[in-house]
Amino acid sequence: MGMTITEKILARHAGRDRVTPGENIWIDVDILMTHDVCGPPTIEIFKREFGPNARVWDREKVVILPDHYIFTADPHARRNIEILRAFAREQDLPYYYDVGTSRYKGVCHVALAEEGFNRPGIVLIGTDSHTCTSGAFGLFSTGVGNTDAAFIMGTGKIWVKVPETMRFIFEGSLPPYLMAKDLILAIIGDIGIDGATYRAMEFDGEAVYDLSIEERMTLTNMAIEAGGKSGIIAPDEKTIAYVRERTDAPFEIYHSDPDARYHSEYVYDVSKLEPVVAKPHRPDNRATVTEVAGTKLDRAYIGSCTGGKLEDFIAAARILKGQEVRIDTYVVPASTYVEQQLHHYKIDGVSLYDIFVNAGCKIGHASCGACLGGPPDTFGRTHGTEVVISTTNRNFPGRMGSKQASIYLASPLTVAASALTGVITDPREVLV
């Protein structure tokens with residue numbers, strides 16, 4: 001019996017020839033990532049359990065990327081940054097990307113890719129549930145709690161149960177009105193927010209490999225919204241080219257065997273899919289855009305690790321160019337690189353930044369922004385009963401601030417189309 005790509009990576013990091021789903025194994029960790037929300041408690045536990053003068057197991061393998069509560073005057077948020085800053089200085093960590101400096105990168109999941117930390121075949125663990133984003137590069141990545149992260153910080157190891165794998169195949173050529181967000185919302189709508197609990201979600205098929213690396217990251221990012229332990233896409237030439245442009249570090253390529261055993265397999269014909277949304281207040285509360293078209297909106301939001309990448313803004317700008325939004329529309333780049341590219345990337349000679357400003361959008365600085373709600377002064381945060389259409393990844397009550405707000409999740413194309421009309425709108429109506 002063959003093994004899946006996930007099983008092969010875990011076997012390699014356990015020093016074994018093979019593993020099977022359900023086994024509990026110790027594995028070596030290649031990268032530990034943390035940020036300003038979970039970093040301070042992880043550090044506190046590390047010092048309590050390993051000693052106040054303990055050193056991290058490998059300073060080259062700890063990456064700290066503050067990103068969640070950055071552009072705020074909140075004193076607790078400021079305190080967290082100070083804790084990270086002091087720890088990075090004490091441990092002499094080369095991969096701390098400090099706020100307020102040229103090293104600041106923005107959202108951790110996007111920065112990990114841009115800075116070359118995502119390499120095929122490695123194990124990358126983070127103190128954030130959306131760490132599964134990195135699986136788009138053919139590696140095993142998952143989020144853990146602060147105690148597990150502190151243990152990794154001291155030992156470089158973690159105990160995991162080998163997950164079963166669910167396989168999702170998207171056949172055909174992706175129509176211009178669909179994006180990766182539509183594909184993953186279709187899956188979550190089918191299997192539910194617990195349909196992949198503690199399983200690896202493996203994505204395959206012509207439509208998946210036609211996607212850019214950034215779009216693939218949207219698929220793996222939202223594996224957690226179905227309860228998944230991880231999301232993964234086997235590497236191809238696009239993956240290798242992306243990685244090699246950013247790092248010379250070694251990596252290994254793994255693919256699932258033809259006779260690998262899967263928990264289940266789902267096959268989609270993308271030509272038969274429509275733009276979809278997730279209605280309040282769950283990511284699996286799926287509806288086609290046509291079913292909810294005309295729903296009145298107060299706000300549109302384009303940003304986050306799921307919807308704030310360059311590809312997302314290019315898609316939105318295709319619709320907004322030369323138009324004017326009818327509702328408050330917030331644009332929040334996921335990384336400082338993307339923020340720079342808003343000024344450099346042009347459509348018909350007009351920069352993305354100017355397209356958004358001319359359309360009446362409000363543009364924020366690179367960070368998680370209002371995706372996690374945040375302090376009251378967070379850019380784009382909800383405060384009342386706003387009805388929002390957003391490219392973010394969660395729509396639970398209070399996720400974007402106010403517990404009374406209602407959030408619809410959608411692709412950048414659908415969000416941009418809806419921003420123009422003030423109601424939920426099918427992007428096929430405005431795409432040219």
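Contact here means heavy atoms within 4.5 Å. The model is predicted, with local features requiring pLDDT of at least 70 and side-chain atom pairs counting only at pLDDT 80 or more, while totals for chains, interfaces and linings use all residues. Residues are numbered from 1 along each chain as its sequence is written, and side-chain values use heavy atoms, with hydrogens and water left out.

View 1. Strands (E, at least two residues) and helices (H or I, at least four) are DSSP runs, numbered from the N terminus. Residues up to four places away in sequence aside, T288 touches E274, P275 and V276. The T288 side chain also forms a polar contact with the side chain of T290 at 3.0 Å; such a contact is a pair of N or O atoms within 3.5 Å, and within protein one must be able to donate a hydrogen and the other to accept it, residues adjacent in sequence counting only if both atoms are side-chain atoms.

**View 2. Residues joining helix 6 and helix 8.** A180, K181, L183 and I184 of helix 6 meet E215, T218 and L219 of helix 8. The residues of this contact comprise four nonpolar, one polar and two charged.

**View 3. Position of G192 in the loop between helix 6 and strand 8 (199–204).** G192 counts as buried because its relative accessibility is 11%, where buried means under 20% relative accessible area (1.4 Å probe, protein chains only). Apart from neighbours within four places in sequence, G192 is in contact with A226 and D284. Between G192 and L32 there are 160 residues in sequence and 29 Å in space, C-alpha to C-alpha.

Conventions. Ala, Val, Leu, Ile, Met, Phe, Trp, Tyr, Cys and Pro count as nonpolar, Asp, Glu, Lys and Arg as charged, and the others, Gly among them, as polar. Buried means under 20% relative accessible area, exposed over 50%, partly exposed in between (1.4 Å probe, protein chains only).
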